[in-house]
Amino acid sequence: MSGDKKYSILIVDDESANISTLKTILNSEYTIYASINGEEAIEAVEEFMPDVILLDIIMPGMDGYEIITALKKSEKTKDIPVIFITGLDSADAEEKGLALGAADYITKPFHTAIVKIRVKNQINLIERFRIEHDLNVVLKLQSELVSAKELAERNREIAEHSNRVKSEFLSRMSHEMRTPMHAITSVMHIINMHNVPESLKEFIDEMKKASDNLQNMIDDVLDISNMEYGAFKLSNTVFDADALFMDVLQTASYNAEKKQQIFKSKQDPTLPSFLNGDEKRLKQVITSLLANAVKFTPEKGEIFFESEVINFDNGIITLQITISDNGIGIAKEQQDKLFELFEQGDGSTSRKHFGIGIGLPLSKRIIEMMDGKLWVESEPEKGATFNFTCKLQKVS
């Protein structure tokens, strides 16, 4: 059995067919060990120190309850999570197992997805524990007044490890969320292909709006995760600038109209119709800023959009976009937080406007990759003006 995988699983079951099935389910992701009785299992645990144990309850000789009792008495093995695997359909059996220290249950016959999820849940807890353990080590070092150099190096290692685990989690979570989201959007599409009663159309529209918002959040999380990994790159293609602005402004105008807001725009007539750059990311930033303006501006408020060419040098255009509103505004002490990942001007659970604090930090990073900058000018109750510049190439 190869030992080069990150985590290992010990399967304890007297039925070879059960061991074979679990190996088939888990072998591609974990190092697998197996034992067919209690005595052999305890020896294997001591030798290999697996990360997770899958333990059958009913076995000849030592049963699962006796095995877990022995493991929990040992300082060396007491913290290894044990998942009982059983065909027993009894609340008493489950209660007894949990009382003895079992972390979870998997019932027979095995369902591939359930087995993987329950094992992965324990692995995620192990990762979290390791992060917390590392952080506790840092606190201990600080309390003992270690040298500044040693502490700085340890903090760097902890930060890198925490960021890596966080990025892996964000990427994994976003990819896993995409599957159910595709199912939801597919069902929505099928529903819209049929004659929907008028009484339900409003609810269908709200469902679509909610699913679109969630999909955008998932995409933003993936972008941030890719940036953390260094996998986020800008493309460089020729695009129709007129079509891009027409699209984003029509959408913003429609959204503003639904809130009875006044939406105005002014386009620089010197802006070329075709430019070379990343159309998708430019559109993403403008759309995000316009959506914020609509969200944070009350009904019958005003929103203004302006594009302006502020410099042209050797075929490179510096474009400035300005989006203003007369909404709730932002206090000076909160403005810097807007561009920090997962921070918000109002982070309370009772806040009126919800979000996850990704849109503006992501937009700022994209704009900086486009050799520009993003900033805000605002006062509470006096609205806000978001500006950004970016560099694009004129198409000859």
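The entries below go from confidence to sheet, cores, rings and backbone.

**Ground rules.** I am working with a predicted model, where local features need pLDDT of at least 70, side-chain atom pairs count only at pLDDT 80 or more, and totals for chains, interfaces and linings use all residues. Residues are numbered from 1 along each chain as its sequence is written, and side-chain values use heavy atoms, with hydrogens and water left out.

**Confidence.** I checked pLDDT, the predictor's confidence in each residue, from 0 to 100. The chain average is 84. A score of at least 70 is reached by 83% of the residues. I marked residues 347–354, where pLDDT stays under 50. For that stretch the model has seven contacts beyond four places in sequence. Contact here means heavy atoms within 4.5 Å.

**The sheet.** I took helices (H or I, at least four residues) and strands (E, at least two) as DSSP runs, numbered from the N terminus. Two strands pair if DSSP finds at least two bridges between them. In what order do the five strands of the open sheet stand? I read 2-1-3-4-5, with parallel pairing. Strand 2 (31–35) and strand 5 (104–107) are at the edges, each with a single partner strand, so one side of each lacks a neighbour in the sheet. Neighbouring strands are turned by 20° against each other on average, direction ignored. Axes are lines fitted to C-alpha atoms, for helices over the stretch in contact, and angles run from 0 to 180 degrees between N-to-C directions.

I then looked at strand 4 (residues 82–86), which is joined to strand 5 by four bridges. The two run parallel. F84 is opposite Y105 in strand 5. Next I checked helix 2 (residues 38–48), which packs on the sheet. Helix 2 touches strand 1 (8–12), strand 2 and strand 3 (52–56). The direction of helix 2 makes about 150° with that of strand 2.

**Cores.** I searched for nonpolar cores: sets of buried Ala, Val, Leu, Ile, Met, Phe, Trp, Tyr and Cys residues joined through side-chain atoms within 4.5 Å. Buried means under 20% relative accessible area, exposed over 50%, partly exposed in between (1.4 Å probe, protein chains only). Which members of the largest core touch the most others? Of its 45 residues, these are F245, L282, I286, F305, F386 and F388. Among the elements that each supply at least two residues of this core are helix 7 (198–229), helix 8 (241–258), helix 9 (279–295) and strand 12 (384–394).

I followed I286 past its neighbours within four places in sequence. I286 is in contact with L244, F245, V248, F305, I323 and F388. Another core, of 21 residues, lies apart from the largest one. Its members include A44, V45, M59 and V82.

I also looked up V376, in strand 11. V376 counts as buried, at 11% relative accessibility. Leaving aside neighbours within four places in sequence, V376 is in contact with I330, Q335, F339, A384, T385 and F386. V376 and F386 are ten residues apart in sequence, yet 4.5 Å apart in space, C-alpha to C-alpha.

**Rings.** I counted Phe, Tyr and Trp rings (for Trp the six-membered ring) as a pair if their centres lie within 6.5 Å; planes under 30 degrees apart are stacked, over 60 edge-to-face, the rest tilted. The whole structure has four aromatic pairs. Y33 and F48 have ring centres 4.1 Å apart and planes at 10°, so this pair is stacked. Y33 is in strand 2 and F48 in helix 2, 15 residues apart. F48 is partly exposed, at 35% relative accessible area.

The rings of F84 and Y105 are tilted, because their centres are 5.6 Å apart and their planes at 55°. This pair ties together strand 4 and strand 5, from parts 21 residues apart in sequence. Are F84 and Y105 buried or exposed? Both are buried. Y65, F84 and Y105 form one aromatic cluster.

**Backbone.** Most residues other than glycine have a negative phi, and most peptide bonds are trans. I noted these spots. K108 and P109 are joined by a cis peptide bond, with omega about -5°. P109 lies in the loop between strand 5 and helix 5 (112–143). M49 has a positive phi, near 45°. M49 lies in the loop between helix 2 and strand 3, and is partly exposed at 31% relative accessible area. Q260 has a positive phi of about 60°. Q260 lies in the loop between helix 8 and strand 7 (262–266), and is partly exposed at 46%.
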